[in-house]
Amino acid sequence: MMREDAPTRPTIRLESDGQSLSRALRPRGPVRLALSKRVVTGATILEVGGELDVLTTAKLGAELDDIVRKQTGKVIVDLSGTGFVDSAGLQLLLSAQRRLSRRARVLAVVCGPGQVRRMIERARLLDALGVV
């Protein structure tokens, strides 16, 4: 029996077509992630294309882990080709930034105007992630 003064939990309503919650939150279509790495003097540049979300962070995380452990210098993550990022993607970038900072290294994130930058701005992570 529910008390009348007890707070009610908000419910998440999905479209009537029965789509799952994960499909409602991420762009339609297949999961896309493309990674390209190049090393230049004093920096490793990792270009990320597609979507950076809970379904793709493992692949990017493995690449960032490899860079943190095996490379030296600055790490630049270029999100110019990324169309979508969620909280899992932001958490991964923050984790990489912390790991690099402990090693006296720097993470910079390249991100132009658009949905990805707005997400980073809303999370108030522009300075923490070194967004340029």
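Let me start with a definition: a residue is buried if its relative accessible area is under 20%, exposed if over 50%, and partly exposed in between, using a 1.4 Å probe and protein chains only. By that rule, buried residues make up 36% of the 132 residues in this chain.

Before we go on, a word about what you are looking at. This is a predicted model, where local features need pLDDT of at least 70 and side-chain atom pairs count only at pLDDT 80 or more, while totals for chains, interfaces and linings use all residues. Residues are numbered from 1 along each chain as its sequence is written, and side-chain values use heavy atoms, leaving out hydrogens and water.

Now the overall layout. The chain has four helices and four strands; these are DSSP runs, numbered from the N terminus, with helices being H or I of at least four residues and strands being E of at least two. Along the sequence you read α-β-β-α-β-α-β-α.

Two strands count as paired if DSSP finds at least two bridges between them. As a reminder, strands of a sheet pair through backbone hydrogen bonds, either parallel or antiparallel. Here β1 and β2 run antiparallel and are joined by eight bridges. If you want to find one of the bridges on screen, look for Ala 34, whose partner in β2 is Gly 49.

Next, the charged side chains. A salt bridge here is a side-chain nitrogen of Lys or Arg within 4 Å of a carboxyl oxygen of Asp or Glu. The structure holds eight salt bridges. One of them links Glu 51 and Arg 32, at 4.0 Å from N to O. Glu 51 lies in strand β2 and Arg 32 in the loop between α1 (21–25) and β1, so this pair ties together parts 19 residues apart in sequence. Is Glu 51 buried or exposed? Glu 51 is buried, at 2% relative accessibility, whereas Arg 32 is partly exposed at 46%.

Another salt bridge joins Glu 47 to Arg 38, with the closest N and O atoms 3.3 Å apart. Glu 47 is partly exposed at 28%, and Arg 38 is partly exposed too, at 42%.

Last stop, the backbone. Most residues other than glycine have a negative phi, and most peptide bonds are trans. Ala 104 has a positive phi, near 60°. You will find Ala 104 in the loop between α3 (87–102) and β4, and Ala 104 is exposed, with a relative accessible area of 73%. Arg 124 also has a positive phi, of about 55°. Arg 124 sits in the segment after α4 (115–122) and counts as exposed at 75% relative accessibility.
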